Amino acid sequence: MDRKLDPLRDDLPLMANTSHILVKHYVLDLDVDFESQTIEGTIVLFLESGNRFKEQSSSTEEAGPSASEEACRFRTPEPCHIPATDTRPFSSKMGYNDVVICGKGDKDTSDKDGNRDNQEQASGISSWKYCRDTGNHGSEDFLLVLDCCDLSVLKVEEVDVAAVPGIEKFARSPKFRNQIVRELVALPADRWREQLDCYARCSQAPGCGELLFDTDTWSLQIRKTGAQTATDFPHAVRIRYRTQAQGRSVTWTSDQSGRPCVYTVGSPINNRALFPCQEPPVAMSTWQATVRAAASFVVLTSGENSAKPTQLREDCSSWHYYVTMPMPASTFTIAVGSWAETKPQICSSDDPATETSFSPSEADFRNIGVCGHVEYPCRFQNASATTQEVIPHRLFAPVCLQGACQEALLPLIPPCLSAAHSVLGTHPFGRLDVLIVPANFPSLGMARPNKEKTGHVSDSGSSVIKHGLNPEKVFMQVHYLKGYFLLRFLAKRLGDDTYFSFLRKFVQAFHGQLILSQDFLQMLLEDTPEEKRLELSVENIFQDWLESSGIPQPLQRERRAGEESGLARQVSAEVAKWVRVNRRPRKRKRRETEEVFAKLLPDQLLLLLEHLLEQTTLSPRTLQRLERTYHLPEQDAEVRHRWCELVVKHKYKKAYGDVERFLQEDQAMGIYLYGELMVNEDAEQQRLARRCFELSREQMDRSSAELVAEMIL
């Protein structure tokens with residue numbers, strides 16, 4: 001799986017100029033079409049300019065509207081046009097595959113699809129000379145840059161928020177559109193319902209002039225002629241667009257019942273192929289979404305409310321969700337499919353699963369404590385929410401799994417929620433939806449590279465995630481495993497009482513905020529009595545656990561100690577029994593006693609199989625007995641993965657069907673098995689790998705498919 005990394009292919013650029021202007025709220029209005037496998041509609045962005053732009057133009061705002069706003073007051077909406085110095089027409093309706101416009105005398109470096117080469121894309125907006133408006137006395141218009149990929153942008157326009165009835169209360173004059181948006185964005189948290197309603201009504205206002213726009217591989221750039229600063233740029237912008245069937249932010253597939261569905265995946269590019277957005281996590285925003293689909297489908301999102309369908313016509317329903325906590329755009333999720341809601345068979349009055357939801361009113365929010373985040377209707381400020389151990393929750397699954405989920409999964413949710421509350425305190429969200437996703441969901445893909453270090457951050461806020469597009473990165477879990485064991489190490493070193501007490505304090509202090517590992521470790525050590533720190537420091541933790549390769553020394557010591565535990569010794573004894581069984585000849589002597597194997601816990605069974613993988617040879621007879629003793633095909637995915645490794649290593653043909661099922665039903669974990677099947681250089685195993693890949697490649701996520709294709713084709 002080793003290959004030379006190509007920065008132009010593997011690095012992921014973040015192009016949004018978040019240092020200049022921020023999206024504060026998104027309003028999505030979308031139609032889901034399974035026939036064409038596209039999502040089409042509009043997104044309205046409500047913007048806030050950066051502080052230095054506010055300061056730069058504060059005197060102008062005090063005196064009255066800017067020149068660009070005055071011009072907009074009297075101008076009749078008309079199609080935009082490119083300045084005379086450009087020799088080709090610049091259409092505001094230019095789509096994704098149209099030609100990129102270059103300034104006069106500049107060489108067009110775009111390819112046949114209108115995409116600029118990656119080197120130029122990664123270099124930042126300073127190289128995009130076509131944004132210069134030479135018809136405006138040589139000055140440059142302000143450029144709004146959004147992260148965008150695999151989208152067909154159809155139209156961009158300024159929204160005439162001043163046309164909304166009753167909106168004049170947000171401005172000294174109804175003609176000051178940007179002032180209206182600024183006042184709307186700044187509404188206090190206790191007026192969140194009014195704010196959402198105003199956002200929705202403003203999003204439906206008519207346009208007041210199309211805006212110039214252009215797209216390349218990684219971004220959408222928008223400008224308004226004459227708007228030279230972020231403050232002058234329209235603060236309410238509507239974009240009409242359509243996703244592409246092969247877009248990398250969502251997967252169109254079938255669920256376990258064979259019915260069509262679509263959902264957001266753990267893609268390296270996050271949601272930029274679902275809607276134009278500001279990708280850097282610093283761009284925290286709220287959103288609301290109206291999604292229409294055929295009446296037979298259920299629409300789920302990561303919204304705060306439990307939406308119910310509104311029937312628009314016989315064959316179409318609409319779902320509306322919203323979020324009031326500002327979060328990065330990458331946290332938006334959507335799933336549309338023929339899911340069935342799984343409900344408890346008997347609902348008793350004291351069953352926590354039946355606890356009713358409540359919508360906080362303005363009076364619910366009291367100053368219980370001090371929060372460090374930006375203002376929003378925070379549950380930590382709500383007396384009722386802080387004591388709610390089990391929040392309202394719903395469970396959705398394919399029809400064929402509804403019964404199993406009702407029996408096995410649904411009863412587990414309330415105690416899990418209660419346990420989370422007992423350890424971490426207040427639930428940050430008021431409800432939970434659980435969805436059983438299709439088999440091709442890239443579970444390992446949730447290790448998104450947007451959490452990695454970026455390269456140099458430009459003055460505009462754009463940057464590059466090193467190796468963010470490398471398909472192998474999705475499956476490299478070392479940093480997550482080390483992080484897990486670091487937390488275990490700290491809990492053991494400090495003691496459970498100290499550690500879990502700190503976790504609760506940490507959540508209370510940092511909820512609703514972006515945090516770094518340093519913040520967590522620094523607060524932990526400051527909160528821990530000196531006698532328990534035992535020479536721990538942020539610096540040596542980083543050195544031992546994050547900056548050094550291999551297994552950290554503390555973990556090696558813990559591993560050696562773990563080998564002496566009673567559970568581990570029991571596994572060692574069972575391994576010895578299986579080794580003896582494997583060495584015995586087929587015909588046993590009469591006086592030989594039959595081995596009796598102990599019942600093992602799932603973790604013990606996993607350890608047993610890992611030890612047996614170290615054996616040079618295991619006979620088919622031994623493998624058959626191993627399978628029957630522990631019912632291996634019926635165990636969880638981790639155990640079955642180890643079992644399949646044994647099958648492949650020892651070419652146990654009778655169980656090749658287990659390998660095929662694993663590759664089909666556990667596609668993310670199956671990536672490693674493809675490698676094992678090919679490395680053995682066994683013709684039958686290689687045929688098995690290629691056959692399974694051909695059956696599932698169309699449903700696999702792109703990173704997985706690319707990686708497997710490199711291995712087997």
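This note sets out points on the strands, salt bridges and backbone of the structure above.

1. Basis. The model is predicted, and local features are reported at pLDDT of at least 70 and side-chain atom pairs at pLDDT 80 or more, whereas totals for chains, interfaces and linings use all residues. Residue numbers run from 1 along each chain as its sequence is written, and side-chain values use heavy atoms, with hydrogens and water left out.

2. The sheet. Eight strands form an open sheet with mixed pairing, in the order β6-β5-β9-β3-β2-β12-β15-β14. At its edges are β6 (207–210) and β14 (310–313), each pairing on one side only. From one strand to the next the twist averages 25°. Strands are DSSP runs of E of at least two residues, helices are runs of H or I of at least four, and both are numbered from the N terminus; two strands count as paired if DSSP finds at least two bridges between them.

3. Pairing of β12 and β15. These two strands run antiparallel to each other over 10 bridges. Methionine 284 stands opposite proline 328 in β15.

4. Helix on the sheet. Helix α6 (residues 177–185) packs on the sheet and touches β2 (21–33), β3 (38–49), β5, β6 and β9. The direction of α6 makes about 90° with that of β3 (axes are lines fitted to C-alpha atoms, for helices over the stretch in contact, with angles from 0 to 180 degrees between N-to-C directions).

5. Serine 317. This residue belongs to strand β15 (residues 316–328). Its relative accessible area is 6%, so serine 317 is buried (buried means under 20% relative accessible area, exposed over 50%, partly exposed in between, with a 1.4 Å probe and protein chains only). Apart from neighbours within four places in sequence, serine 317 has contacts that include Val291, Arg292, Ala293, Pro309 and Leu312 (contact means heavy atoms within 4.5 Å).

6. The whole structure holds 26 salt bridges, each defined as a side-chain nitrogen of Lys or Arg within 4 Å of a carboxyl oxygen of Asp or Glu. One of them joins glutamate 157 and arginine 238, with the closest N and O atoms 2.9 Å apart. Because glutamate 157 lies in β5 (residues 151–159) and arginine 238 in β9 (residues 236–243), the pair ties together parts 81 residues apart in sequence. Both glutamate 157 and arginine 238 are buried.

7. Salt bridges involving helices. Glutamate 574 and lysine 577 form a salt bridge at 2.9 Å, N to O; they are three residues apart in helix α17 (residues 566–583) and therefore separated by about one helical turn. Both residues of this pair, glutamate 574 and lysine 577, are buried. A further salt bridge, at 3.2 Å, connects arginine 642 with glutamate 610. This pair links helix α20 (residues 637–649), which holds arginine 642, with helix α18 (residues 602–612), which holds glutamate 610, across 32 residues. Arginine 642 is partly exposed at 22% relative accessibility, and glutamate 610 is partly exposed at 30%.

8. Positive phi. Most residues other than glycine have a negative phi. Asparagine 270, which is not a glycine, has a positive phi of about 55°; asparagine 270 sits in the loop between β11 (260–264) and β12 (284–294) and is buried at 0% relative accessibility. Lysine 651 also has a positive phi, near 50°. Its place is in the loop between α20 and α21 (656–665), and lysine 651 is partly exposed with a relative accessible area of 40%.
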